[in-house]
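Hello,

Please find the structure below, handed over for your use. My notes on what was found in it follow.

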Amino acid sequence: MATPPISARPDLGSLRIHDGQRSKTGMGKRVLYAAIPVLVFAGIVVAALAFRNQKAVVEVAAASRADSAGPQTALNASGYITPRRRATIAAKITGRVTGVFFDEGTRVKEGQLLATLDDADVKRALDSAKADRDAAHAAIADYEVQLRNSQILLRRAEQLQKAGVQTQEALDNATTAVDSLKAKIVLARQQVAASESRIGMAQQAVDNCTIRAPFAGVVVSKDAQVGEMVSPNSAGGGFTRTGIATIVDMHSNEIEVDVNESYIARVEPNQQVAATLDAYPDKPFPAKVRTVIPTADRQKATVKVRITIIDLEKYNFILPDMGVKVAFLEDAKPPAKGNGKDAAKGPMAVAYIPKSAVRSESNASFVFLVHDGKVERRAVSLGADRGADVAVMAGVSPGDSLVVKGPESLRDGDKVEIH
């Protein structure tokens, strides 16, 4: 077998990596791998410093001074906003709805048209009653013409009978004809009166096909649509509506609360009340007791109290059926003269703070005070509520700035920015 020439063999030496090249490549990789942890650590440090320097945005409120001679809370209760004038508007007759001219939230005036019912049948009845009246009027006119002619014949018969030319029977017949026509005219007039009465009934039926607002207010519920049947009764099962709309007089809103009968002695008519809606805890408003309903609920052992909202027009955010918390206030007696033990029967509040400023942890209450751009955690001892505020017996002084809204992760010493 012939051996190939040496010049035809491949040169494997060209693929060899020199020692200089091998050491240079390994050094670069080692430097890169060593730099990665350093870069990650530097990024973490920068992020931590940036997060630490970031200021939390908070809202603050000042603690108010507790005036011992001012109104104090005698009792706390909860209830609902209830309008005194609320009505579900219904039709007086059964009919099909042909028009609805309102929507939820629409403000309506007294007597404003809300809806119409199908009035084709009652209008035909009205037209029939008017036709009967017109026919009775026409009959009266005919009888009056006949009466005038009969009266002429009667006078002629009287003259002839006096002259002896005509018999007494002819005179009697003429007299009877006049009396009969007079009676027919009276009957026709009675028929006209009866027709007028039927017209009134038919007109009332037509008027019943229009539903109007009984008083000015706001529509809070739309209960029927065009094409549905409505009825004052529940006839037809679930296919018949019993109401058209529900209207509320917003100017009659008041507070209704149930007070435990054990504490009802603390409530009196015209007593001042501080009220706060659950939806707007930062917007308290004044009120006063209107009346205490003179009966108790045997099942719940409560007495119903109705409270009037003072200057209701100023608070357009008060809506029916909203939850509300009330504090019945009483004028605290001024402290008696003498030493501290005799001056008061118990500890006095040093300040009042918003309830939203109080935080709890492990059954302990505390607040965050703001000083020089930082927050300070301060334990507090709380007293009775007064509307949206709560009494502080110790831990806070009047005028202190308290955080009322801020992040839950807020800690003692954190830097904050006041919103």
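Tyr315 and Phe317 are both buried, where buried means under 20% relative accessible area, exposed over 50% and partly exposed in between, with a 1.4 Å probe and protein chains only. This is a predicted model, in which local features need pLDDT of at least 70 and side-chain atom pairs count only at pLDDT 80 or more, while totals for chains, interfaces and linings use all residues. Residues are numbered from 1 along each chain as its sequence is written, and side-chain values use heavy atoms, with hydrogens and water left out.

Aromatic rings

The structure holds 4 aromatic pairs (rings of Phe, Tyr and Trp, the last by its six-membered ring, with centres within 6.5 Å; planes under 30 degrees apart count as stacked, over 60 as edge-to-face and the rest as tilted). The ring centres of Tyr315 and Phe317 are 6.0 Å apart and the planes are at 75 degrees, so this pair is edge-to-face. Phe366 and Phe368 also form an edge-to-face pair, with 5.6 Å centre to centre and 85 degrees between the planes. Both Phe366 and Phe368 are buried. Tyr315 and Phe317 belong to one aromatic cluster with Tyr280 and Phe285.

Two charges sit over rings (NZ of Lys or CZ of Arg within 6 Å of the ring centre and within 35 degrees of the ring normal). The charged end of Lys283 is over the ring of Phe317, 5.2 Å from its centre. The charged end of Arg85 is over the ring of Phe215, 4.3 Å from its centre.

Sheet

Which order do the 4 strands of the open sheet take? The order is S2-S18-S23-S22, with antiparallel pairing (two strands pair if DSSP finds at least two bridges between them). Strand S2 (64–65) and strand S22 (381–386) are at the edges with a single partner strand each, so one side of each has no neighbour in the sheet. S22 pairs with strand S23 (residues 389–394) over 4 bridges in the antiparallel sense. Leu382 has Val392 in S23 as its bridge partner.

Regards

Conventions: Helices (H or I, at least four residues) and strands (E, at least two) are DSSP runs, numbered from the N terminus.
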